[in-house]
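This report concerns the model shown below.

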Amino acid sequence: MKSIFLSVFTCLMFFSTNVLAQEDEGNSGTVYSKYGTGFPLLNNTAQEKAMGIIGISFNDLGSPGLSNPAFWGIGAFSKIAANFDFANYSVKDSFSNGSNSLLKIGSFQAVFPLSKNQLGLSIGLYPETRSSYNVNSEETVIQGGSNINFLSNRTGTGGVTKFEVGLGWKINQRISLGYAPSYSFLTESEDASLTFLNQNISNNTVNRRINGTSVSHRFGLLLSERGIFGKEDIIQIGGTLTLPTNFDASQKKTTTKIVGTESEVVEIGTAQNADISLPLKMGAGISYFPNSKFNASVEFQTEKWSEAEYGFSSSDESAFVDRNVFGLGFQYHPYKDRSSKFLSNFKYSAGVSYDTGHIKVNNEEVETLWLSAGLGLISPNLRSNSSFDLSFQYGFRGTTSQNLVEERIFGINLSVNLTELMFLRRKLN
Amino acid sequence: MQKSISKVAFTWRLILSVLVVSSLISCENSNTVGGGVVDSAGIRIDTVSVPDFQQNGSDIFSGKLQSLPIGEYNDPLYGSSRSIAYFKPSLGPARDASLSLLSDFILKLQINNNLHYGDTSQVANYSVYKVTERWRGNTISSTDNISFDTSELLGSFSYQNEDSVSITLSQSLLEEYAEYVNNDSSNVDSLYNFEFFGIAIVPDNVSAQIIYPNIIGSEFLTIRRSTQDSVSINLQDYAFTLDRQNTPMFPNRLYLNNYLESFYSINFETVANNLSNENILRAELVLYEDADQISTSLPQNHIRPETRFLDLKFASESELRYDLQFTTTDFVGVLDTTDNTFRFNVTNHINNYIFGSPDERELYLNINPNGGIFNSTILFDNTSTAAMRPKLILTIEE
């Protein structure tokens, strides 16, 4: 098992160095991440993605989850998880088609039990929104009877990242609460490049950088009850609330010019300040565990994007519409039989989710339907619940009508969960 | 159980390897999909008026240029120009040969026969006189007056479209020149410089054409009559003076010529200050030539060298004449015959104002003196119709 973890972490280091390098190569995600601070992310784990749910009502003792802080007080294990996402986008619009791909580090989280099975501390670093687009176009401007032909490229990266420290408190066997304040960093960068076919006009790239910070808060609630429909069953009802996050953001544009005889980076226009906000989010879900080998969940989250602000672009802000996410999925755990069969060493998940989207472009809502499945491997060590979770998703987003883009997304998500007894003195060897 | 775990470990390694490899090979470049969602980076074209050009006048250094205008022509558009050329032979090779008085003394002029200015159907007549005062090609100006003795004709010639002309100079000039050539005294060079002033080639009053001898290929010759042996004598000095009459006035026009009778200055500071922090990709100064007036002003068989380039340059006020004539231009405007415009790319100058503080601010618009060939042009000014006024066309990123 150690060798597997070693292999995985070697691969992950390899992944992460490539992530940094690939951003410079212009690989991209969804073109719809151009709006506002980027496309909102759910930050659910790989197994939650595989079940098509958000993770509001579902927890796994072998892996921490970011979705509902109320889960952090449950369990005796220290848990560390890192999530990695790869997505390939097959895209088309009314004129052409193509493909993009994006590999990124999703989130990192560590949960430590301050009081065994009662109070837990979570430290997390994760993206809340992400911009990742890279779009070319050929343009012509008529001037004085002649055409000026040029190529335009807009490449955007960045988004809102949260550093979060929160507490989960298991009040009793039925009720758990969680609170997670976070410090949010808004960093957006867009390069708008113009390449002129007429050599008389200088090629130019303008970098637009937006920065801001804020504090945000979210809360979680978990209600749990056993033995409702059978003596082994468990039903969990979760709820989450994320308060709006308001940024006083600044925007600066720079480009490179020849000033005198030197090439210098100069500021274009004057630096601007504007209000940017992320919306109120509310979520709820029910998970049912009829026995130790099977569970199913149904969840819902609404995000009030129509009230979100993006002061640097009124057109972006006016595109925001309320977002609703629905998820339904199940999980099967044959490994709990401790069978020697190969296929019994995994847990299996499958689900479906529907996202109404947070933007309406050209009177079309950008909806996404995800079909997902996954599997996980649990450590055979009884003192550890470390696991790998791998999910595969296939998504249908957008449309080619109204000059929009239709995306077919194939995603692979990997969660590496290290779950060990830490800070506890062993009484027996 | 242990065997099964090994299989699982192998499976996971395989999955991870496939994941890593597929992620590396699947990275693709951007594409053109998404133009309806992500607006293109755009440009806009702004046209702004430019400040008034301020007219200036001067003259040029007219010695040691590549071509020497000789002749007189009354241009119906630009007025009368009368140009006299001055030549002085060197003492050089002739001294070694001990110049014989039984020789012919000849000035051979190589003519740029595609650069005439005036009536090509007429024969132009020229007379050669002895210069009576000292002059130096390095310091002479086109408006200087250099005296010559018209009481004694040293030679004459007529010209109509030949490639070259050979002018036989008088025996008296040969004898005077030979006194210095055959003088063995140590101070002969000084005597020659201070006492022998060369010749002037003067157009007759009825001449209606200016010709341009090319210094490369022009020379003095002595040819011994008995043997026909010839000795080439280099030009030690050469220059011209220009007398202008009926100088024109052009209302609503900018009038430029390359003997600096009229040139202009302009300052873009005010324009640039109104463009604070704009991302200017190209700033093009456009000047419209009054091509109709220029082309219709010449009678049949009359020709005038075309002006195809204008200079826009920085110059120091203390060395203005020299800078305008001899320093490299900062911005060149090439005539676009499709719309009769001169276009100058002044992008860096405008950006220097917007993002820095330019060391040089005053720009001068003139026609390059072009080695002595006379060029003139007229351009529409700020009082002309709006479409033809000088303008700055700005390509701005937005």
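## Conventions

Two residues are in contact, or touch, if their C-beta atoms, placed from the backbone, lie within 7 Å. This is a predicted model, in which local features need pLDDT of at least 70 and side-chain atom pairs count only at pLDDT 80 or more, while totals for chains, interfaces and linings use all residues. Residues are numbered from 1 along each chain as its sequence is written, and chains are lettered from A and ligands numbered from 1 in the order in which they are written.

## Confidence

For the complex, the predictor gives an ipTM of 0.77 and a pTM of 0.81. Over residues 24-29 of chain B, pLDDT stays under 50, and the model has 11 contacts beyond four places in sequence for them.

## Residue A:I56

A:I56 belongs to the loop between α2 (46-51) and β2 (78-92) of chain A; helices (H or I, at least four residues) and strands (E, at least two) are DSSP runs, numbered from the N terminus. With 32 other C-beta atoms within 10 Å, A:I56 is buried (20 or more such atoms; exposed means 12 or fewer, and partly exposed in between).

Leaving aside residues up to four places away in sequence, A:I56 touches residues including A:S67, A:N68, A:G238, A:G283 and A:E299.

## Helix α3 of chain B

In α3 (residues 171-181) of chain B, the residues B:L173, B:L174, B:Y177, B:Y180 and B:V181 are buried. They lie on the same side of α3(B) because they cover an arc of only 120 degrees around the axis, taken from the directions from the helix axis to the C-beta atoms. B:S172 and B:E175, on the other side of α3(B), are exposed.

Note on methods
pLDDT = per-residue confidence, 0-100.
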